[in-house]
Amino acid sequence: IIILVSGYFTPKPVYLKTSGYVFDHGVIDIFLKEFKKCPITGASSTVEDICICRINQSINPINSSYDSIPIMINFIQNEWGKLLIKQYTIQNNIYVLRQELIYSYYQNDYAFRTIAKLLLERKRLLKMLKLVKDLYKS
């Protein structure tokens, strides 16, 4: 959340019930103890009027030091580089996974062919055994 007074991001946002404006917890706490009023509206306020805002901590905010165009361009280039590295890593992982799947497929196919050959050979040997038994019976 960007603070109205300073224009900077705060990790601990709070708002005043009397005015509804959002402030940094540490800054407004000190201000209210000293002046006992909202810094924007001038409405009478106390520390008890502070309410904590809940924010999503998983999102990293853009730092407020990105206020010039060259710095923003540099930031965007760095983010683009990170994105390209992630994409390359994902594509490389997909390639490795595809190779492993192909190897597993051929290995599975070879195992089935071997089993089929063994079953045919077993069937042939059983027939031969039956013939040998028939020869000894007669």
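**Salt bridges, core and surface of a predicted model**

Three salt bridges were counted, a salt bridge being a side-chain nitrogen of Lys or Arg within 4 Å of a carboxyl oxygen of Asp or Glu. The structure is a predicted model, in which local features need pLDDT of at least 70 and side-chain atom pairs count only at pLDDT 80 or more, whereas totals for chains, interfaces and linings use all residues. Residues are numbered from 1 along each chain as its sequence is written, and side-chain values use heavy atoms, with hydrogens and water left out.

The protein chain contains two helices and three strands, arranged from the N terminus in the order β-β-α-β-α. Helices (H or I, at least four residues) and strands (E, at least two) are DSSP runs, numbered from the N terminus. Of the 138 residues, 12% count as buried; buried means under 20% relative accessible area, exposed over 50%, and partly exposed in between (1.4 Å probe, protein chains only).

Lys33 is exposed, at a relative accessible area of 54%, whereas Asp29 is buried, at 17%. Beyond its neighbours within four places in sequence, Asp29 is in contact (heavy atoms within 4.5 Å) with Val47 and Ile50.

The other pairs lie in helix α2. Glu79 and Lys82 form a salt bridge at 3.6 Å, N to O, and are three residues apart, about one turn of the helix. Asp109 and Arg113 are joined by a salt bridge with closest N and O atoms 3.0 Å apart. Asp109 is partly exposed, at 27% relative accessible area, and Arg113 is exposed, at 53%.

The largest nonpolar core consists of seven residues: Val14, Leu16, Phe23, Ile28, Leu32, Cys38 and Ile50. The elements that contribute two or more residues to this core are β1 (13-16) and α1 (25-35). A nonpolar core is a set of buried Ala, Val, Leu, Ile, Met, Phe, Trp, Tyr and Cys residues joined through side-chain atoms within 4.5 Å.

On the surface, Trp80, Leu83 and Leu84 form a nonpolar patch with about 310 Å² of accessible area together. Patches are made of residues with over 30% relative accessible area and no salt bridge, like charges being joined within 9 Å and nonpolar side chains (Val, Leu, Ile, Met, Phe, Trp, Tyr) within 5 Å. Accessible areas come from the Shrake-Rupley method with a 1.4 Å probe, and for residues only the protein chains shown count as cover.
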